[in-house]
Amino acid sequence: MSFATNKLFAKGWMIAVYAFLYLPIITLVIFSFNDSRLVTVWSHASLRWYGALMQDSDLISAVLLSLKIAFISALISVFFGTFTAFALTRYKYFRGRTLLSSMSTTPLVMPDVIVGLSLLLMLVSIQHWLGFPERGLFTILLGHALLGTAYAAVVVSSRLREMDGRLDEAAMDLGCKPLQVFRLVTLPLLVPALVSAFLLTFTLSFDDVVLSSFLSGPGFSTMPMVIFSRARLGLNPTINAVATVTITVVTIAVVASSFYTSHIERKRKREMALAYSDANK
Amino acid sequence: MHKLTSYFKNLFQGNKLVIGIPYSWFIMLVLIPLLIVLKISLSEMEATSVSSMISWSQGWPTLKLNFANYQFIFSDALYVKTYLSSIKYALITTILCLAIGYPFAYFMARSPKHLQPMLLMLIMLPFWTSFLLRIYAWKTLLVNNGVINNVLISLGVIHAPLAMMNNSFSLLIGMVYSYLPFMILPLYANLSKLDLRYLEAAADLGTSPFKAFWLITVPLSKAGIIAGSMLVFIPAVGEFVIPELLGGPDTLMIGRVLWDEFFSNNDWPMAAAVAVVMILLILMPMAMLNKAEAEQEAGGKA
């Protein structure tokens, strides 16, 4: 193979994979503007299903519940995920480190049905014993927070690993107290990672159907649970409309946050270059 | 470095809290629940609740272990067949993801440096948009009167709709589609760190690019291949949503059986036993994943 055909092959392969990844998303969006009740047969463009969406009180209350759960569970996830990341990256050796690192990756890879079942059986045992918690908002939150912690720990650890430990040392040399070092040096450097961990865990929670189904009680249907039960029955044009709204919001958020993080990163690099040039004067 | 450790020791009154908080969190929500699953799998379902393991006779506790659930799983042909079929589909998914993802990650690592962040974001973006909605999207594409069939018929390529839905084809499309990013990301992380001087040296010594690829690039990316494959294989074995929405009556998957035991039959001990056997199946792949990830990490530092 000559170099040129090689390059052409590489380009073709990549375009094909991207097409495979984006084809379903694009079809979802296009057919959300289809007037026909038949999801897959195009009649003409209209906003009919967006109108139907506004009237769909089941779906709207499910969306609100999902947003609430996603927000709270993402906060909890980032909190515990940051601790996990610190424990695993800053302490190379302590008894039980392997256990902690395997426990923290378990929710990442273990099939959802097992995580859901095990959490539920534990919560039921506790309830049997203490009389609470009832299945509902709290139990879903706990499940999502567990899943999110595992992901947040990965995001924060990768940032901590590439962070320059000498900055902390320098701050200490200059007389900072440990908590000051954390507040003035470590935390500001971590902010981009914390933001992306929050967004990732928020999305995961907003998307989860299996854990929620196991952990939810009567009257607590999250958005994915409603969508899943409708999708099981067949195709439904309101799902296309709700998908388009979600995709738009998520895309804007992801693009905006990546601009934000690269902006922070550039600013930090500039400041560092400035500091070095000052020091060399 | 010593100073740094002492700083973290002082932070939050010592390292006990920094390690203790995540430790108790995961013990409470991962370890104990899994032990409870094991315990319940060894009991039986009574009228309203699970039988208790310890019974009291003449003032002495006796441990009552019930292996009936496990006996049933291994004697019933359908369970065994379902486990084997789950492994089969997970394996095919892993191989397909590797076949599609490896060249992709390789080409991505070789593309111009300034384009790479954008290419990476384009891989991540579908991952951020709802998994459930993307699976639903495949349903609208693949059904008999779906988008693909409609387009092909109106173009005159086919006259009768292709049966692409509720069979192993639709199941595998959905699985490969959902798990492909999990394969690409660790492979890309690994391949982008590959020291190109090895390949130059091989070329200088007269090795053909093809041979150099098999003798140098592939062995050096072994940790990435294992990590990616396990990240796909392990969750794929227990997948529930994809077989439920895209699979058919013939595509047996154990995640669905567990779900039905729990939600339809209300047999919690049986569901727990199904889960325990599934965990045993994925223990070895999980150990391989941990090892590969440790190697990836170590490779990143070298």
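Tutor: Let us begin with a single residue and its surroundings, bearing in mind that this is a predicted model. When residues up to four places away in sequence are left out, B:Ala275 touches A:Ile114, A:Leu117, B:Val37 and B:Leu258.

Student: Which residues have the most contacts inside the largest nonpolar core?

Tutor: The general idea is that, in soluble globular proteins, nonpolar side chains tend to be buried together. Here the largest nonpolar core has 155 residues, and those with the most contacts inside it are A:Leu117, B:Leu258, B:Ala272, B:Val274 and B:Ala275. Helix 3 of chain A supplies the largest share of this core, namely 15 residues.

Student: How many residues of chain A are in contact with chain B?

Tutor: One often gives the size of an interface as the accessible area lost when the parts come together, but here we can count residues in contact instead. On this count, 69 residues of chain A are in contact with 74 residues of chain B. On the chain A side, helix 1, which covers residues 3-32, gives the largest share with 13 residues, and by class that side has 49 nonpolar, 14 polar and 6 charged residues.

Student: What does helix 10 of chain A pack against?

Tutor: Start with the helix itself, which runs over residues 223-233 and in which A:Met223, A:Pro224, A:Met225, A:Val226, A:Ile227, A:Phe228 and A:Ala231 are buried. These buried residues pack against helix 3, helix 8, helix 9 and helix 11 of chain A, together with helix 6 and helix 12 of chain B. After helix 10 of chain A comes A:Gly234, whose phi is positive, near 155°.

Student: At what angle do helix 10 of chain A and helix 6 of chain B pack?

Tutor: Their angle is about 15°, and their axes are 11 Å apart. Angles under 35 degrees count as roughly parallel, and therefore helix 10 of chain A is roughly parallel to helix 6 of chain B. The crossing in which helix 10 of chain A passes helix 6 of chain B is left-handed. A:Pro224, A:Ile227, A:Phe228 and A:Ala231 make the contact from helix 10 of chain A, and B:Leu132, B:Tyr136 and B:Lys139 make it from helix 6 of chain B. By class, the residues of this contact divide into 6 nonpolar, no polar and 1 charged.

Student: How do helix 6 and helix 8 of chain A cross?

Tutor: Helix 6 of chain A, residues 137-162, and helix 8 of chain A, residues 178-207, have axes that come within 9 Å and cross at roughly 150°. That makes helix 6 of chain A roughly antiparallel to helix 8 of chain A, and the crossing is right-handed. The residues that meet include A:Leu147, A:Tyr151 and A:Val155 in helix 6 of chain A, and A:Leu190, A:Leu194 and A:Ala197 in helix 8 of chain A. Sorted by class, this contact has 11 nonpolar, 5 polar and 1 charged residues.

Student: Where does A:Val185 lie, and which residues is A:Val185 in contact with?

Tutor: A:Val185 lies in helix 8 of chain A, where A:Val185 is partly exposed, with 19 other C-beta atoms within 10 Å. Leaving aside neighbours within four places in sequence, A:Val185 is in contact with A:Leu167, A:Asp168 and A:Ala171. The C-alpha atoms of A:Val185 and A:Ala171 are separated by 7.6 Å, although these residues are 14 residues apart along the chain.

Student: What is the secondary structure of chain B?

Tutor: Chain B has 14 helices and 2 strands, and buried residues make up 41% of its 302 residues. Of the contacts in chain B with a separation of 6 or more, 70% are between residues 24 or more positions apart.

Student: What is phi near in B:Asn166, and is B:Asn266 exposed or buried?

Tutor: The general idea is that most residues other than glycine have a negative phi. B:Asn166, however, has a positive phi near 55°, and B:Asn166 lies in the loop between helix 7 and helix 8 of chain B. With 19 C-beta neighbours inside 10 Å, B:Asn166 counts as partly exposed. B:Asn266 also has a positive phi, of about 55°, although B:Asn266 is not a glycine. The loop between helix 13 and helix 14 of chain B is the place of B:Asn266, which counts as exposed with 11 C-beta neighbours inside 10 Å.

Methods. Residues numbered from 1 in each chain as written. Chains lettered and ligands numbered in written order. Predicted model: local features only at pLDDT ≥ 70, side-chain atom pairs only at ≥ 80, totals over all residues. Axes fitted to C-alpha atoms, helices over the stretch in contact; angles between N-to-C directions. Helix = DSSP H or I, 4+ residues; strand = E, 2+ residues; numbered from the N terminus. Parallel < 35°, antiparallel > 145°, perpendicular 65-115°, else oblique. Left-handed = near helix turned anticlockwise from the far one by under 90°. Contact = placed C-beta atoms within 7 Å. Nonpolar A, V, L, I, M, F, W, Y, C, P; charged D, E, K, R; others polar. Buried ≥ 20, exposed ≤ 12 C-beta atoms within 10 Å, placed from the backbone. Core = buried A, V, L, I, M, F, W, Y, C linked by C-beta atoms within 7 Å.
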